[in-house]
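The stops below follow one another.

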Amino acid sequence: MAIDKSDFFTSSRGEKASLYSISAGDMRVTMSDFGATLISIFVPAGMGRFEDLLLGCAEPRQWETTDAYFGATVGRYANRIGASRFSLGGKEYRLAANDGVNHLHGGPLGLSRRIWKVEPSEEAGSPTLRFSIASPDGEEGYPGNLEVAATYTLSADGNLRIQYEASTDAPTVLNFTNHAYFNLHGDGKGLVLDHELKLAASRYVEVGAGLIPTGRLLEVAGGPFDFRQGKTVGRDIGATGSGYDHSFVLDRPSEKPSSPALFPFAVLRDPTTGRRMEAFTTSPGVQFYSGNFLSCPGKGGLSYVKHEGLCLETGFFPDSPNRPEFPSSVLNPGERFSHETDYRFYY
Ligand code: BGC
């Protein structure tokens, strides 16, 4: 089986984190059970060399303390919930605040700083790592005992598929994403400002203080948020303030929200190497984050600076639990949450 396991680090809580490596075709992906985290995506770079397209920590133990969420599977609610509270079924729930007064990426511990159970398998040359975790009722303030699985499958044609599943025993809210920072030059080989990005999104979610949505969805037409025809990340970034850190409303065809199809929402291309990534999702939105707050030691002893990598975090819009007009992030007992995002690489 094209799956290897090795030791990664021991957490401050004494838990042993492992590293898993899966290979298919010419690609190799490494992940950890710590946060069901994508550590590296290696693609061939000629002359027998490989390039890592993901940013990450300098030392294994730093995955526990970083607030960059490098490659992590984020939940229970990826992105922000305003004032760290929401109401459901007439009851108010208070969440742990970890971004000023707001709740970010599932809270201070979240699911991205816990050890997940791993089940490796392989079918028809496609290795799979199925990560699962149980989040008890009340964890970080969320209602319901939640069973979560995130299944990562690499196929020989360069596709990395992520399937999220969840079930609950009480009504709750949820939003899962992967927080990988991509750099198609290769980690540490330059900023992503020259990457060309195309996004199938005619609107984006307006945000106010603390990056919390105002409730308005604005047209991108003609402005810095208009990536519909494709342009470099850096072309209009100056007009955004500190960079892109916004949810885009994907131009999905009309369909039942309960059975969304995989929708091709993004193409990212590095004009220097010609490497390309195409992204697909069943989710209603994507948070495009241009690495505006990056400033930390990185892989291979580098010091990351802003725009060293970018994230395309699929999912619901921020603060959906407080915005009945947004696509619903509520999961009820008896329902099965099931979403998928694929990143396909050409190199
Ligand atoms: C958020 C950023 C945040 C980053 C790291 C992104 O998803 O939108 O504001 O700084 O995650 O936490």
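Start with tyrosine 164 and phenylalanine 176: are they buried or exposed? Both tyrosine 164 and phenylalanine 176 are buried, where buried means under 20% relative accessible area, exposed over 50%, and partly exposed in between (1.4 Å probe, protein chains only).

Some ground rules before moving on. This is a predicted model, in which local features need pLDDT of at least 70 and side-chain atom pairs count only at pLDDT 80 or more, while totals for chains, interfaces and linings use all residues. Residues are numbered from 1 along each chain as its sequence is written, and side-chain values use heavy atoms, with hydrogens and water left out.

**Whole chain**

Zoom out and switch to cartoon. The protein chain has 29 strands and zero helices; helices (H or I, at least four residues) and strands (E, at least two) are DSSP runs, numbered from the N terminus. The radius of gyration is 19 Å, close to the 20 Å that the globule rule gives for 347 residues, so the chain is as compact as a globular protein of that length. That radius is taken over C-alpha atoms, and the rule is 2.2 Å times the number of residues to the power 0.38. Along the principal axes, the C-alpha atoms fill a box of roughly 60 × 50 × 40 Å. Of the 347 residues, 58% count as buried. Among contacts (heavy atoms within 4.5 Å) between residues at least 6 apart in sequence, 64% join residues at least 24 apart.

**Aromatic pairs**

Go back to tyrosine 164 and phenylalanine 176. The structure holds 25 aromatic pairs. Tyrosine 164 and phenylalanine 176 form a stacked one, 6.2 Å centre to centre with 15° between the planes. Rings of Phe, Tyr and Trp (its six-membered ring) pair if their centres lie within 6.5 Å; planes under 30 degrees apart count as stacked, over 60 as edge-to-face and the rest as tilted. Tyrosine 164 lies in strand S14 (residues 159–168) and phenylalanine 176 in the loop between strand S15 (172–173) and S16, so the pair ties together parts twelve residues apart in sequence.

Next, select phenylalanine 225 and tyrosine 244. Their ring centres are 5.7 Å apart and their planes stand at 85°, so this pair is edge-to-face. Phenylalanine 225 sits in the loop between strand S19 (213–219) and strand S20 (231–232), and tyrosine 244 in the loop between S20 and strand S21 (245–250). Both residues are buried.

Then pick the aromatic cluster formed by Phe8, Phe9, Phe34, Trp63, Phe70, Tyr181, Tyr289, Phe293 and Tyr304.

**Nonpolar cores**

Show side chains for Phe176, Phe182, Leu199, Phe248, Phe288 and Leu312. Of the 70 residues in the largest nonpolar core, these touch the most other members. Such a core is a set of buried Ala, Val, Leu, Ile, Met, Phe, Trp, Tyr and Cys residues joined through side-chain atoms within 4.5 Å. Strand S13 (residues 146–154) gives the largest share, five residues. Another core, of 15 residues, lies apart from it; Phe34, Trp63, Tyr181 and Cys311 are among its members.

Centre on leucine 199. Not counting residues up to four places away in sequence, leucine 199 touches Phe227, Arg228, Phe248, Phe265, Ala266, Val286, Phe288 and Leu312.

**Charges**

Colour by charge. The whole structure has 17 salt bridges, each a side-chain nitrogen of Lys or Arg within 4 Å of a carboxyl oxygen of Asp or Glu.

Select glutamate 51 and lysine 189. Their closest N and O atoms are 2.7 Å apart. Glutamate 51 lies in strand S5 (residues 50–52) and lysine 189 in the loop between strand S16 (177–178) and strand S17 (196–199), so this bridge ties together parts 138 residues apart in sequence. Glutamate 51 is buried at 10% relative accessible area, whereas lysine 189 is partly exposed at 48%.

Move to aspartate 99 and arginine 80, which meet in a salt bridge at 2.8 Å, N to O. Aspartate 99 is partly exposed at 26%; arginine 80 is buried at 9%.

Aspartate 226 and arginine 228 form another bridge, with closest N and O atoms 2.9 Å apart. Aspartate 226 is buried and arginine 228 partly exposed. Shared partners also join Lys231, Arg235 and Asp236 into one salt-bridge network.

Stay on lysine 231. What does its charged end sit over? The ring of phenylalanine 227, 4.6 Å from its centre. A charge sits over a ring if NZ of Lys or CZ of Arg is within 6 Å of the ring centre and within 35 degrees of the ring normal. Arginine 113 does likewise over tyrosine 69, at 5.1 Å.
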